[in-house]
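Student: I have a model open and I'd like to learn how to read it. Could you walk me through some features, one by one?

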Amino acid sequence: MSLQTRPRLLNLAAVSLLRDEASAITALEYLPIELFPPLFMEAFCGSRSETLKAMVCAWPFVRLPLGGLMQKPHMGTLQAVLDGLDILLAQKKHSKRCKLRVLDLRNTGQDFWKMWSGSSVHVSSSSSMTPVAEVRSRTEQPLAPLEVFIELHFKESTTDDFIYLMRWVEQRKTSIHLCSTKLKITSISLENIVQVLGIVQLDYIQEVEVNCIWHLSTLAMFAPFLGQMSNIQRLHLSHIHGLAFEEEEEYYHVVQITSQFRKLYHLRDLYLETPSFLEGCLIQMLRCLMTPLVNLAITYSLLMDSDLTHLSQCPNITQLKGLDLSGDLLTHSNAELLSVLLEKVAGTLEKLDLNMCGIRDFHLEAILPALSHCFQLKSFSMCGNLLSMAIMEKMLRHTSALPSLNKELYPVPQESLRSRGIRQPQRLAQCRAELFEILKDLGRPRTIWISFIFCPQCEGHAFYHPEPIIYQEISLP
């Protein structure tokens, strides 16, 4: 029997079994393991609640990736599965073949179902069969709580199945652990968020994104929960309003927030978008970092000279691979401070974004020596800055010595623009030709991209798709 025909026969067997649902339930104790997934899928599609409940109590795999079957909220199926878990929890002695320890309601596990349905014979690393090692230590403990994994996304509208699940878990705190590896908040209501976080295993969370308009005081109320997420690796905070140096109370909120960073021993990637509350007091956060960062983004802010100084002196940025300061107005900053910062990270930096920073020729002139030491740099982008053709030529000559650099995005030269940032097509074509000649003179095959974005001082933020300038070395026959 080939691998391609075997799943089809299993599906036929599952359909045949479900013609007599009572017999199918009775047969679960003796059913071959290969029949469980196709039988579950048939019961799921046919809304056979009694069969689903019984199958949960006899599920022979550690993980049940239910979310891989539920493309849309499916209250009836969810209730049937949770009823099955209730029966399983009430049993003093579980079926010997039941290994279920994890109910996964995330949109994952499709490969598991594809393999058993016959549409795929390959199980990728994302399959629900592979994470067994994650829960093996728990399966060795008979009294360990069952784990329910969900996508934890707080938004304005809440589905009925989510509300039902939260109430169900809250009533079974001792026997059910509600888990999520990612937390995303795009809602402005904190009360409901706090209520749910009270029943979530916060130490499972590895990624947090807060992308909503919160005042600094709201983030301060959320901060204690953040401190309990001790395994966070990636943290993204955006659109938090408040200036720490305006009032004593605001500064106190900053301390409340940044002090939680002392508990984040696994933080690697930190993204702060429009963090006005850190302007002038970035040191409060930097001194609380406990581990070296891999990626750091502080974007659309007004970094002061003191912030750049403290950032360059921070011991936890020396291993940075990604640095993004896009949108930070550096027009009036000391250019040497940016140079010192780049020197600090030159040994490891692979990606540098300085888009729309108000960088002028003198800024770039100051950082070119440090930039030419970033030998690991792979991606460099500084669109939306106002630079002359002369300084761009210098920049291209400095960066030509960087062996790994393969993605370069630059602004159109200043000479190709009229006043108020309007393009001159003929002059732009001439600038493109001059840039090509520079690349040709450097003699290294290379592609750069130039794009037009209004600079921060101009009205609007129009964007034109980047255009490539390609130089390929031609070998003679």
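Predicted model: local features only at pLDDT ≥ 70, side-chain atom pairs only at ≥ 80, totals over all residues.

Student: Let's begin with a helix. Which residues of H9 are buried?

Tutor: General idea to start with: an α-helix has 3.6 residues a turn, so residues three or four places apart point the same way. Now the case here. H9 covers residues 190–197, and its buried residues are Leu-190, Ile-193, Val-196 and Leu-197. Looking down the axis of H9, you'd find these buried residues within an arc of 130 degrees, so they line one face of the helix.

Student: And which residues are exposed on the other side of H9?

Tutor: Glu-191 and Gln-195 are exposed there.

Student: On to sheets. What is the strand order in the sheet of twelve strands?

Tutor: In general, strands of a sheet pair through backbone hydrogen bonds, either parallel or antiparallel. Here the twelve strands form an open sheet with mixed pairing, in the order E4-E6-E7-E8-E9-E10-E11-E12-E13-E14-E15-E16. E4 and E16 (467–471) stand at the edges with a single partner strand each, so one side of each has no neighbour in the sheet. From one strand to the next, the twist averages 10 degrees.

Student: Can you show me the mixed pairing strand by strand?

Tutor: E11 (residues 322–324) and E12 (residues 351–353) run parallel and are joined by three bridges; Gly-322 has Lys-351 in E12 as its bridge partner. E14 (residues 407–411) also runs parallel to E15, again with three bridges, and Tyr-410 stands opposite Ile-450 in E15. E15 and E16, by contrast, are antiparallel, with five bridges between them. There, Ile-448 has Ile-469 in E16 as its bridge partner.

Student: Which helix lies across E15 and E16?

Tutor: That's H17 (residues 425–442), and it runs at about 35 degrees to E16.

Student: What about the sheet of four strands: which strands stand at its edges?

Tutor: The order in that open sheet is E1-E2-E3-E5, and the pairing is parallel. E1 (63–64) and E5 (176–179) stand at the edges, each with a single partner strand, so one side of each is left without a neighbour. Further in, E2 (residues 102–104) and E3 (residues 146–149) pair over three bridges, with Val-102 opposite Glu-147 in E3. H8 comes back here too: this helix lies across E3 and E5, at about 140 degrees to E5.

Student: Now the core. Which residues touch the most other members of the largest nonpolar core?

Tutor: The general idea is that in soluble globular proteins, nonpolar side chains tend to be buried together. The largest nonpolar core here has 139 residues, and Phe-222 and Met-229 touch the most other members. H10 supplies the largest share of this core, seven residues. Leaving out residues up to four places away in sequence, Phe-222 touches Leu-183, Ile-185, Leu-190, Leu-197, Val-210, Trp-214 and Met-229.

Student: Is His-236 buried or exposed?

Tutor: Buried: the cut-off is under 20%, and His-236 has 18% relative accessibility. This residue is found in E8 (residues 234–241). Beyond four places in sequence, His-236 touches Val-208, Glu-209, Val-210, Tyr-271 and Glu-273.

Student: Last one: how many disulfides does the structure hold?

Tutor: A disulfide is a covalent bond between the sulfur atoms of two cysteines. This structure holds zero disulfides. As for cysteines, Cys-288 counts as buried at 4% relative accessibility, and Cys-314 counts as buried at 3%.

How values were computed
Residues numbered from 1 in each chain as written. Heavy atoms only, no water. Buried < 20%, exposed > 50% of the residue type's maximum accessible area, 1.4 Å probe, protein only. Helix = DSSP H or I, 4+ residues; strand = E, 2+ residues; numbered from the N terminus. Arc of directions from axis to C-beta. Pairing = 2+ DSSP bridges. Axes fitted to C-alpha atoms, helices over the stretch in contact; angles between N-to-C directions. Contact = heavy atoms within 4.5 Å. Disulfide = S-S within 2.5 Å. Core = buried A, V, L, I, M, F, W, Y, C linked by side-chain atoms within 4.5 Å.
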